[in-house]
Amino acid sequence: AILTNTEGGVSVQRYGQTSSVKGSSGLLLYEGDTVKTANASRTSLAFLNGNVIKVNEGSEFSLEISEKIEDTGSGLFMKFGQLFSKVMRRQARFSVNTPVATIAVRGTEFDANLGKPRGMKNIRRDGQNFRVPDQNLNVNVFEGLVNLANPFGEQNIGAGQSASVQG
């Protein structure tokens, strides 16, 4: 992937490194790299398979992509923040993994907003106790279809629909 349309304070921490470099348009990103946007900052990522991700201020995510799967699939691990995704081709696979759910996408435009983690909490479901992140995820689909899934179930969300997941 490559950074494009970078504005304000964007930093990239390379996989396995402890320090960050300034994120600027044209910077190549690799599997495991972490991108952070400061307040009043934004950037976009362009993938070889046509996927475009716009990232708003106050976001942090890591790339889950390798050159080997670039033409068939790509993804991000989103720690918190907001992004807009436009997956250009229906056969291009893309996913956004978060601590509370996974968003699987094909030929879709959607917005995901993941709140900052507030720690962990205990929930009880089907007679079992679970420890989950105390974090909220909101997804709005503008075009196409996304599948929103976590260990408790999954739901398809179509154009014009929204869904929320609370950890």
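This note walks through the aromatic pairs and salt bridges of the structure above.

1. A word on the basis. This is a predicted model, in which local features need pLDDT of at least 70, side-chain atom pairs count only at pLDDT 80 or more, and totals for chains, interfaces and linings use all residues. Residues are numbered from 1 along each chain as its sequence is written, and side-chain values use heavy atoms, with hydrogens and water left out.

2. Let's begin with the rings. The structure holds 2 aromatic pairs (rings of Phe, Tyr and Trp, the last by its six-membered ring, pair if their centres lie within 6.5 Å; planes under 30 degrees apart are stacked, over 60 edge-to-face and the rest tilted). Phe 84 and Phe 142 make a tilted pair, at 6.0 Å centre to centre and 40 degrees between the planes. This pair links distant parts of the chain, 58 residues apart: Phe 84 sits in strand 8 (residues 73-86) and Phe 142 in strand 13 (residues 136-150). Strands (E, at least two residues) are DSSP runs, numbered from the N terminus.

3. (Buried means under 20% relative accessible area, exposed over 50%, partly exposed in between, using a 1.4 Å probe and protein chains only.)

4. Phe 130 and Phe 152 form an edge-to-face pair, with 5.0 Å centre to centre and 90 degrees between the planes. Phe 130 belongs to strand 12 (residues 128-133), while Phe 152 lies in the loop between strand 13 and strand 14 (153-158), 22 residues apart.

5. Now for the charged side chains. A search of the whole structure finds 6 salt bridges (a side-chain nitrogen of Lys or Arg within 4 Å of a carboxyl oxygen of Asp or Glu). One of them joins Arg 14 and Asp 33, whose closest N and O atoms are 2.6 Å apart. Both residues lie in loops, so the pair ties together parts that are 19 residues apart in sequence. Arg 14 is partly exposed at 24%, whereas Asp 33 is buried at 2%.

6. Glu 60 and Lys 79 form another salt bridge, with the closest N and O atoms 3.1 Å apart. Glu 60 is in strand 7 (residues 60-63) and Lys 79 in strand 8. Glu 60 counts as buried at 12%, and Lys 79 as partly exposed at 30%.

7. Finally, Asp 134 and Arg 118 meet in a salt bridge of 2.9 Å, N to O. Which residues are linked in a network of salt bridges? They are Arg 118, Lys 121 and Asp 134.

Conventions
Helix = DSSP H or I, 4+ residues; strand = E, 2+ residues; numbered from the N terminus.
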